[in-house]
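These are my notebook entries on one structure. I record what I looked up, entry by entry.

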Amino acid sequence: VQKSMEAYQQRFLGSTQEVLWESGKQTEDGWLMGGLTRNYLRVKKVTPDDRWNQLEEVVLSQLIDDVFQ
């Protein structure tokens, strides 16, 4: 199952996906946002402001521990 999930995630690496930000935590560097794509891929990104409950186009440039960044 793990290999199947990894193969699925790798298909999206480098693509631009719409993310719904579902959580946010203020840090020294800005807001660490967490959300999901329409395909239920987990994404984290540091943003300058709180984007909770907003949609944003994000390039999925890295995959670390099953989370795109």
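I looked up Trp21 and set aside its neighbours within four places in sequence; its contacts (heavy atoms within 4.5 Å) are Met33, Gly34, Gly35, Val43, Lys45, Arg51, Trp52, Asn53, Gln54, Glu56 and Val58. I note that the model is predicted: local features need pLDDT of at least 70, side-chain atom pairs count only at pLDDT 80 or more, and totals for chains, interfaces and linings use all residues. Residues are numbered from 1 along each chain as its sequence is written, and side-chain values use heavy atoms, with hydrogens and water left out.

Next I turned to the strands (DSSP runs of at least two residues, labelled E and numbered from the N terminus). Strands E1 (residues 16-27) and E2 pair (DSSP must find at least two bridges) in the antiparallel sense over 8 bridges. Lys25 stands opposite Leu32 in E2, and 2 residues separate E1 from E2 in their hairpin. E2 also runs antiparallel to strand E3 (residues 42-47), joined by 6 bridges. Here Trp31 is opposite Thr47 in E3.

Last, I looked up Gln9, which is buried, with a relative accessible area of 6%. Beyond four places in sequence, Gln9 is in contact with Leu41, Leu63, Asp66 and Phe68.

Terms used. Helices (H or I, at least four residues) and strands (E, at least two) are DSSP runs, numbered from the N terminus. Buried means under 20% relative accessible area, exposed over 50%, partly exposed in between (1.4 Å probe, protein chains only).
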